[in-house]
Amino acid sequence: MSIDKNQLLRFTTAGSVDDGKSTLIGRLLYDSKSIFEDQMASVEKTSKRKGFKTVDLALFTDGLRDEREQGITIDVAYRYFTTPKRKFIIADTPGHVQYTRNMVTGASTANVALVLIDARKGVIEQTKRHSFIASLLQISHIIVCVNKMDLVEYKEEVFDDIVEQYEEMSGKMMIKDVRYIPLSALNGDNVVNRSDKMPWYQNAPLLHTLETLHIASDNNMVDARFPVQTVLRPQDDEHHDYRGYAGSVAGGIFRVGDDVRLLPSGFESKIKSINRYEEEVKEAFDGMSVAITLEDDIDLSRGDMIVKPNNLPVKDQRLSAMICWFHENSARPRAKYILKHTSNEPMAMINEIEYKVDVNTLRRITDDQEINMNDICKVKIRTTAPIMMDEYSRNRKTGSFILIDAGTNETVAGGMLL
């Protein structure tokens, strides 16, 4: 199977504190020769100042000064690198329970989650928490990296025992594809290059797995959704009568000549043309940013959606959702929020808290009606105008939203529609 060299894979890292997430990413960048010379010099200098005999690989991702001083990661650090086979964006997220919101942010757009487990400790509470969040966010692929194998003498039985522990736990969650790799981020075993210290492991090292993982089928190519972001009216001599609707395809495929329905009005038309930058194309699919023109002169505006007549999203003002609360201030009863869903932004109110999830035990808490920072809970929301939506499990783009405080314009929560 061939891999598109321009295909972008987003992955997030998750694990307990000191499991070696930042070191693993540093090793990936270092061994794949994705480090700039000035970065290398800076990290070498900092490592020497701290008294380390070798380069501290974690410093390649721990970009914030206070993280470096404490030796921990407290925010989401994004890194970009490219190999001859693929482009990557990494979200290195913190392992502390009080930074659950950071993991949700980093994982919300990921194709893959790397769940790190310390070979000496096995599956622990934080492993369960991070795996639950990954399953909640419908991340299609999880790679369990059993790290620090050098500290357990590279024993196969230690690895097999952890695989058994994780299989038992993940069987209770909605995780489609789980892979297991024994490695040592510090020494580079099975990260970029195959390790000769674990001849019993016959599968590919981590980088090769990331380079060859099939993610094209993860996108929703069935439900055609095109949220209108803006209307293009150049009104110059060359495009005097041009009226295009610009946006990013949020699912499915649109082709020139397709019958379409325009929501919320319900009017129908046909696609006259599709433009990508200066080029006219025959079709547009999930993730492409394009401008669409229609055969009929119909008034559309930002927040409207172009769909196929035989495949409609749900249109409703009453929403059931799982949310993660981001803000340090608690949710206020009957407070008004802006609900940003695709390009639509109606006002909204949280009507009911059905339950909160204890992310450590996965227990549902029904007697706590206060939403605080890092809480994950199931709620009912009502909006002032209908939104055109799909369940998050079907379409991550039309099934997700954020809540914005109308007074301060701060993002207070992220949500997944059920």
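Predicted model: local features only at pLDDT ≥ 70, side-chain atom pairs only at ≥ 80, totals over all residues.

Phe159 and Tyr201 sit edge-to-face, with 6.4 Å from centre to centre and 80° between the planes. The two come from distant parts of the chain, 42 residues apart: Phe159 is in helix α6 (residues 156-170), while Tyr201 is in the loop between β6 and α7 (206-212). Buried or exposed, I wondered about Phe159? Phe159 has a relative accessible area of 7%, so I put it down as buried. Tyr201 counts as buried too, at 7% relative accessibility.

Next I asked what Pro182 touches, leaving out residues up to four places away in sequence. The list is Val146, Met149, Phe159, Asp189, Asn190, Met198, Trp200 and Tyr201. Pro182 itself belongs to strand β6 (residues 177-182). Why do I call Pro182 buried? Because its relative accessibility is 0%, and buried means under 20%. I also checked Pro182 against Pro205: they are 23 residues apart in sequence, and their C-alpha atoms are 8.7 Å apart in space.

**Entry: the other ring pairs**

I counted aromatic pairs over the structure and got 6. One of them is Phe11 with Phe88: the ring centres are 6.1 Å apart and the planes are at 75°, so I wrote down edge-to-face, which needs over 60 degrees. This pair also links distant parts of the chain, with Phe11 in strand β1 (residues 8-15) and Phe88 in strand β3 (residues 87-92), 77 residues apart. Both Phe11 and Phe88 are buried.

I found the charged end of Lys308 over the ring of Phe254, 5.7 Å from the ring centre.

**Entry: the nonpolar cores**

How many residues does the largest nonpolar core have? It has 65, and the ones with the most contacts inside it are Phe11, Leu24, Leu114, Tyr166, Leu206 and Leu210. Strand β4 (residues 112-118) gives the largest share of this core, 6 residues. I then picked Tyr166 and listed what it touches beyond four places in sequence: Val115, Ile117, Val123, Thr127, Ser131, Ile142, Val144, Ile175, Val178 and Tyr180. Apart from that core there is another one, of 22 residues, including Leu319, Cys377, Val379 and Phe401.

**Entry: a buried serine**

Ser135 lies in helix α5 (residues 125-136). Its relative accessible area is 6%, so Ser135 is buried. Not counting residues up to four places away, Ser135 touches Met173, Met174 and Ile175.

**Entry: cysteines**

I searched the whole structure for disulfides and found 0. Cys324 is buried, with a relative accessible area of 1%. Cys145 is buried as well, at 0% relative accessibility.

I went through some backbone angles. The peptide bond from Leu263 to Pro264 is cis, with omega near 10°. Pro264 is in the loop between β11 (259-263) and β12 (268-276).

Lys148 is not a glycine but has a positive phi, near 65°. Lys148 sits in the loop between β5 (141-147) and α6. At a relative accessible area of 18%, Lys148 is buried, because the cut-off is under 20%. Tyr154 is found in the loop between β5 and α6. Tyr154 has a positive phi too, about 55°, and isn't a glycine either. Tyr154 counts as buried at 13% relative accessibility.

**Entry: the whole protein**

Last, I zoomed out. The protein has 7 helices and 23 strands. Of its 418 residues, 53% are buried. For contacts with a separation of 6 or more, 71% are between residues 24 or more positions apart. The exposed surface comes to about 20,200 Å², with carbon and sulfur atoms supplying 47% of it.

Technical notes
Residues numbered from 1 in each chain as written. Heavy atoms only, no water. Helix = DSSP H or I, 4+ residues; strand = E, 2+ residues; numbered from the N terminus. Buried < 20%, exposed > 50% of the residue type's maximum accessible area, 1.4 Å probe, protein only. Contact = heavy atoms within 4.5 Å. Areas by Shrake-Rupley, 256 points an atom, 1.4 Å probe, with all protein chains shown as cover. Phe/Tyr/Trp six-rings, centres within 6.5 Å; stacked < 30°, edge-to-face > 60°. Lys NZ or Arg CZ within 6 Å of the ring centre and 35° of its normal. Core = buried A, V, L, I, M, F, W, Y, C linked by side-chain atoms within 4.5 Å. Disulfide = S-S within 2.5 Å.
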